[in-house]
Amino acid sequence: MSLTRRDVLIAAGYAGSAGFAGVVLLSPQAAGASDEALELVKRLTGRTATESDRLHLIMPAVFPTGYTVPMSLDVDSPMTETDHVRQIRVFAPQNPLIEVASFHFVPQRSLARVSTRIRLAKPQYVVAVAEMNDGTLLMTKTWVHVATNGCA
């Protein structure tokens with residue numbers, strides 16, 4: 001197997017964006033991002049969320065345009081009557097409209113999994129909140145750097 005010039009350039013681009021993402025995630029503003037996300041959820045829902053590993057928000061760390069940023073969400077849940085996800089809400093605090101998506105689920109008839117695209121106005125943390133059947137809120141967030149404003 002031989003590498004072409006194109007393969008090397010693509011690999012260099014991925015390595016560069018991974019390095020950039022690492023620098024962004026280690027920035028001083030990242031330390032307070034968790035508190036800001038929790039305050040945002042408290043302000044918008046009136047309830048306190050808990051950061052959880054059960055909720056997975058997958059987005060690219062760097063994306064060239066804010067018009068169509070890919071996003072995948074899933075929650076580790078058996079989706080039974082006694083343990084299921086009611087809804088997932090997605091917030092982008094730097095957008096003109098903060099709530100960018102909302103998804104509702106039915107126990108035993110759906111999986112708590114979504115894949116779509118959203119618009120982002122500027123680089124920011126995207127926050128996902130899952131409401132479970134017992135009323136608890138699970139939260140996660142991820143940093144996304146977009147080069148152009150998708151909300152203009």
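A residue is called buried under 20% relative accessible area, exposed over 50% and partly exposed in between (1.4 Å probe, protein chains only). This is a predicted model, in which local features need pLDDT of at least 70 and side-chain atom pairs count only at pLDDT 80 or more, while totals for chains, interfaces and linings use all residues. Residues are numbered from 1 along each chain as its sequence is written, and side-chain values use heavy atoms, with hydrogens and water left out.

Strands are DSSP runs (E, at least two residues), numbered from the N terminus, and two of them pair if DSSP finds at least two bridges between them. Three strands form an open antiparallel sheet in the order S2-S4-S7. Strands S2 (55-58) and S7 (113-118) each have a single partner strand, so one side of each has no neighbour in the sheet. Strand S4 (residues 69-75) is joined to S7 by six bridges; Ser72 has Ser115 in S7 as its bridge partner.

The salt bridges come next, each a side-chain nitrogen of Lys or Arg within 4 Å of a carboxyl oxygen of Asp or Glu. The count is five. One of them joins Arg86 to Glu131, with the closest N and O atoms 3.1 Å apart. Arg86 lies in strand S5 and Glu131 in strand S8 (residues 124-132), so this pair ties together parts 45 residues apart in sequence. Glu131 is buried because its relative accessible area is 13%, whereas Arg86, at 37%, is partly exposed. Both belong to a network of salt bridges that also includes Arg47.

Glu99 and Arg89 form another salt bridge, at 2.9 Å from N to O. Here Arg89 counts as buried at 18% relative accessibility, and Glu99 as partly exposed at 35%.

Notes:
Helix = DSSP H or I, 4+ residues; strand = E, 2+ residues; numbered from the N terminus.
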